Amino acid sequence: MDERMINNALDDSDNFSSDSFDDSDSDSIYCVENENNSDSQESSDDEDQIENQTLLTSNNSQSNWNIVTVILDEDIGPMDYFKLFLTDNIIELMVIETNRNAQQFLNTQKITRGSRFSFWQPINKNDMEKFMGLLMWMGLVKMTSIADYWSKAERYKNGVAPKTMSRNKFELILRFWHFEDNETANKTDRLYKVRKLLNMANDLVKNIHKPGEIIAVDESMIPFRGRLKFRQYIKNKTHKYGVKFFKVCGTNGYTYKIIIYEGKQSKPGEALSETIVTSLCENYLNEGRTIVTFIRLFH
């Protein structure tokens with residue numbers, strides 16, 4: 001990306017309006033789809049509302065607000081900041097489980113000599129970093145299909161994808177990309193395929209930075225229309241189908257923890273709203289903070 005493209009991107013960001021961003025799912029009608037992905041509302045005993053409430057924790061003067069856990073050198077660049085979140089441990093997890101998933105597949109399938117799968121070779125850390133880089137670049141440079149990024153046609157020609165890795169290798173890694181061992185995972189957990197990655201990410205973000213006095217609990221929706229047991233349908237939203245998640249954030253917008261909504265997940269004797277708020281804020285209670293919530297739950 002040259003200097004002109006960077007300047008254009010910065011100019012575009014100045015004109016960004018948050019009015020079009022769907023990040024406050026406060027409609028009064030929610031329903032979680034059932035096992036057959038129907039639009040019927042999932043029944044639940046958890047009925048509660050939280051709307052623009054402010055919850056005050058106990059006044060403990062021994063607070064540790066605004067502590068930055070990671071010491072940042074003045075000379076570090078964007079990649080160093082990026083590596084705080086996409087760590088070597090996360091890359092290693094992806095490499096191990098992707099190779100394992102590929103081997104498990106190949107052991108159970110009859111692969112012909114002409115099959116694309118016969119060209120699979122175990123990947124390493126460098127391969128995964130290139131793969132992740134291509135994914136993020138593709139999110140910025142939109143083309144009609146994956147094949148177009150490797151097309152020799154003049155309108156699609158680029159000096160990024162073909163020089164990074166072959167199309168066949170990219171598609172094989174994408175096919176086997178994995179974060180958990182299918183043979184040992186707890187498959188009663190609806191998030192078992194990403195649970196380990198989610199836990200690692202939550203541990204990272206809470207250790208990089210500590211929140212100040214005020215923290216907020218909010219909810220967001222990731223638009224998604226694929227097959228998923230806990231995909232939600234929200235009748236009056238622009239994006240009616242998607243994956244709902246809750247998050248606790250600081251006043252600067254930094255997210256300290258997220259919980260993906262899987263359906264019924266309240267603890268015995270607690271309303272769903274209580275479970276969500278206390279689970280998100282468990283590391284920040286009894287330190288004199290103010291917790292603000294902007295969510296409304298109907299279940």
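Strand S7 has buried side chains on both sides: Thr-290 and Val-292 point one way, while Ile-291 and Thr-293 point the other way. This is a predicted model.

**Strand S7 and its partner**
- In a regular strand, side chains alternate between the two faces of the sheet.
- S7 pairs with strand S3, which covers residues 214–223.
- The two strands run parallel, and four bridges join them.
- Ile-215 stands opposite Ile-291 of S7.
- Ile-291 is itself buried.

- Asn-286 lies in the loop between helix H8 (272–280) and strand S7 (290–293).
- Its phi is positive, at about 60°, although Asn-286 is not a glycine.
- Most residues other than glycine have a negative phi.

**A nonpolar surface patch**
- Met-79, Phe-82 and Met-136 make a nonpolar surface patch of about 280 Å².
- Phe-82 sits in helix H2, which spans residues 78–85.
- Is Phe-82 buried, exposed or partly exposed? Phe-82 has a relative accessible area of 32%, so it counts as partly exposed, because that class lies between 20% and 50%.

**A buried glutamate**
- Glu-171 belongs to helix H6, residues 167–176.
- Its relative accessible area is 16%, so Glu-171 counts as buried; the cut-off is under 20%.
- Leaving aside residues up to four places away in sequence, Glu-171 touches Arg-116 and Ile-146.

Methods:
Residues are numbered from 1 along each chain as its sequence is written. This is a predicted model: local features need pLDDT of at least 70, side-chain atom pairs count only at pLDDT 80 or more; totals for chains, interfaces and linings use all residues. Side-chain values use heavy atoms; hydrogens and water are left out. Patches are made of residues with over 30% relative accessible area and no salt bridge: like charges are joined within 9 Å, nonpolar side chains (Val, Leu, Ile, Met, Phe, Trp, Tyr) within 5 Å. Accessible areas come from the Shrake-Rupley method with a 1.4 Å probe; for residues, only the protein chains shown count as cover. A salt bridge is a side-chain nitrogen of Lys or Arg within 4 Å of a carboxyl oxygen of Asp or Glu. Buried means under 20% relative accessible area, exposed over 50%, partly exposed in between (1.4 Å probe, protein chains only). Two strands pair if DSSP finds at least two bridges between them. Contact means heavy atoms within 4.5 Å.
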